[in-house]
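The paragraphs below lead through a predicted model, moving from the relation between its chains to a single helix and then to the domains. Please keep the structure in view while reading.

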There are 2 protein chains.
Amino acid sequence: MDGESKLVGRVARAFRSQTGASHTSGLRLGIGDDAAILSSGGKKEWVLSCDAFLEGVHFLTDTHPADSVGFKSLVRAASDLAAMGATPRFFLLTLAIPARRTGTWLDEFLRGMARAARSMKMTLAGGDTTKSNAVSISITVVGEIAGGRAVTRAGARPGDLIYVSGTLGRAQLGLDLLVHGNLSGKKRRGVSAKDRAMEGLLCPHLYPSAKLELGAWLARHRVASAMMDISDGLSTDLTRLCTASGVGAQIQSAAIPLVVLPAALSKGSGRLKFHPLQMALQGGEDYELLFTVSPRNAKKLRAAPRFSQLRQIGKVTRGKGIVLTNRKAGKSRLKPQGWDPFGS
Amino acid sequence: MDGESKLVGRVARAFRSQTGASHTSGLRLGIGDDAAILSSGGKKEWVLSCDAFLEGVHFLTDTHPADSVGFKSLVRAASDLAAMGATPRFFLLTLAIPARRTGTWLDEFLRGMARAARSMKMTLAGGDTTKSNAVSISITVVGEIAGGRAVTRAGARPGDLIYVSGTLGRAQLGLDLLVHGNLSGKKRRGVSAKDRAMEGLLCPHLYPSAKLELGAWLARHRVASAMMDISDGLSTDLTRLCTASGVGAQIQSAAIPLVVLPAALSKGSGRLKFHPLQMALQGGEDYELLFTVSPRNAKKLRAAPRFSQLRQIGKVTRGKGIVLTNRKAGKSRLKPQGWDPFGS
């Protein structure tokens, strides 16, 4: 189990004794999934999730443009709603910033966040602001979904097919180019073909998108048996989904959609190390969806939004653990080796 | 206007253009009050609020026991629900901590928070954990209330009576004793009468309580016309309530319930400066309720929980600004001089 999952387990245990039925009426799903589900007995349920985005941990103010920080912090949080199949509606913003960031930096940050909010049709419903030594953002997102339709991590069954919604490792490549590739996110208005290609490659890292339409479709049509978003790398997130469902998995490395570095960049990319499979398995922040579909539902999937970008990467198995099949290297155990703030 | 209110205004403006009716359906009250109200058309409404509690800004890990940090961070957030008259139900915890705090410190923190959760019958519904250089806590609380009964800051009318729910400045006194009074929150098991008195005086700062029962009663019986909790000092919070309601206020300093220092502590309290009126007007974190009542509703108030501790401190007036009447000094304008993270 990864360090963060262990810590979440400790937090959950500290509060477990109190979760009697009288306290939890209205709570359909609690700690441990992508989001919590609140029901007030009506046709709709509210889906809630929160996400921290911290200077020095998740972004660097010298490297990341302020509008990217604002944009991405909201998309990250909304991706947890996509992962349940919910439609984003509102968000609460807790913002702690140093006084020196309350000028232009704050304006650009807010502009980026407002752009993300518009694109996802989300409304700011409240928040809290205070000062701090470093920028600290915590966002709570509220989505809605028809009662009983939310897709959790726990529904995968042996024999189900495992899908991902798009190319993995793109965000890691963008980060690597930004940090090691002699590029600055703040000065990325390129003129040459190489510069423009670079710009496009930075986008998945700086301005990601949540797969809201696909998530909502999969939930509405009851096509996915389990679902989550890939925020910490496929190896870590698939392990979490399998653990929640009490199953194992077999995946083929050749089936995983990997990043391809454009020819214009194959030389002169600085200290960048380019390992597409490692980027997919261990790189975080792709915000693609990882979901399972029973064989009898697989046909329905053809009507899904952007079906052509979906890839079946393996199957759910009985037992525990994930087996990765590689044409050259054969079979190996896949350990969670993605982003883990409390990893050793 | 205080610095934090100005900043909240800037944040609200950045997102204002998008709050069309299509986006906000279901949102009964948005940014600017103590909490947001979500309605899904049923009998109950959900009330949401978030609150940041940061090491170095709101607490000091060398001074404040970890269980106090856990306890208080949840109570602070829940106080915003009391301020609307809502009953707390669930909370989401965003916790960023350094690796060195994941041992005993985290256990004690969680124990304190679990104690607060039990006492307020709140259930942990989700959250996010990550690492950081300093402890950073952000809590989103979810309460429920009968549809249309939530009390906002905006309902005060000229002629309404202004009440506070208890002694003001107690938390500031506790903080002053802790920081300047040769006392440590971690070593406060006293044996002498003086030590025991000290212990009691630290409690309002270390282990505050949210006035949930009173808030819910005032909302349920439609007795309060406007309400908020006093978290940043009476001068600042009364100004906010008056601004939201578009009214002014007259208050009498002699009517404000002030802290009294026990005789055993009147000597030897270190570098402590003891100004009860300043503590009430400028000291934060009391989490008492500030509310207004129309003259015809004032009689009903006698049936309120802990009625004997309610004090009428003044009246709502037409026009703007707050006039403080002092027996000795006469009348003066009361400026917001409470806790303001972005104050000059």
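Chain B is superposed on chain A by a rotation of 180 degrees, with 0.0 Å of shift along the rotation axis and an RMSD of 0.0 Å. That is the relation of a two-fold axis.

The contact between the chains can be read with this relation in mind. In this predicted model, 61 residues of chain B are in contact with 61 residues of chain A. On the side of chain B that touches chain A, the elements giving two or more residues are, among the helices of chain B, H1 (3-16), H2 (21-24) and H4 (104-120), and, among its strands, S2 (36-39), S3 (44-54), S4 (87-97), S5 (123-131) and S6 (136-146). The largest share of that side of chain B comes from S5(B), which gives 9 residues. Sorted by class, the side of chain B that touches chain A has 29 nonpolar residues, 23 polar residues and 9 charged residues. Because 100% of the interface residues of chain B are also interface residues in chain A, the copies meet through the same surface.

Within chain B, helix H7, which covers residues 212-220, has as its buried residues B:Leu212, B:Leu214, B:Gly215, B:Ala216, B:Leu218 and B:Ala219. What do the buried residues of H7(B) pack against? Their partners in chain B are the helices H3 (66-82) and H4 together with the strands S4, S6, S8 (226-230) and S10 (288-293). Of these, H4, S4 and S6 of chain B are also listed among the elements that give two or more residues to the side touching chain A. Just after H7(B), the backbone at B:Arg222 takes a positive phi of about 50 degrees.

Turning to chain A, the domain assignment gives domain 1 as residues 28-146 and domain 2 as residues 161-333. The C-alpha centres of these two domains of chain A lie 22 Å apart, and the contact between them takes 18 residues from domain 1 and 22 residues from domain 2. On the side of domain 1 of chain A that touches domain 2 of chain A, the elements giving two or more residues are helix H3 (66-82) and strand S4 (87-97) of chain A. H3(A) gives the most to that side of domain 1, with 8 residues. By class, the side of domain 1 of chain A that touches domain 2 of chain A has 9 nonpolar, 6 polar and 3 charged residues.

Technical notes
Residues numbered from 1 in each chain as written. Chains lettered and ligands numbered in written order. Predicted model: local features only at pLDDT ≥ 70, side-chain atom pairs only at ≥ 80, totals over all residues. Least-squares fit on C-alpha atoms with pLDDT ≥ 70 in both. Contact = placed C-beta atoms within 7 Å. Helix = DSSP H or I, 4+ residues; strand = E, 2+ residues; numbered from the N terminus. Nonpolar A, V, L, I, M, F, W, Y, C, P; charged D, E, K, R; others polar. Buried ≥ 20, exposed ≤ 12 C-beta atoms within 10 Å, placed from the backbone. Domains from an automatic or database assignment.
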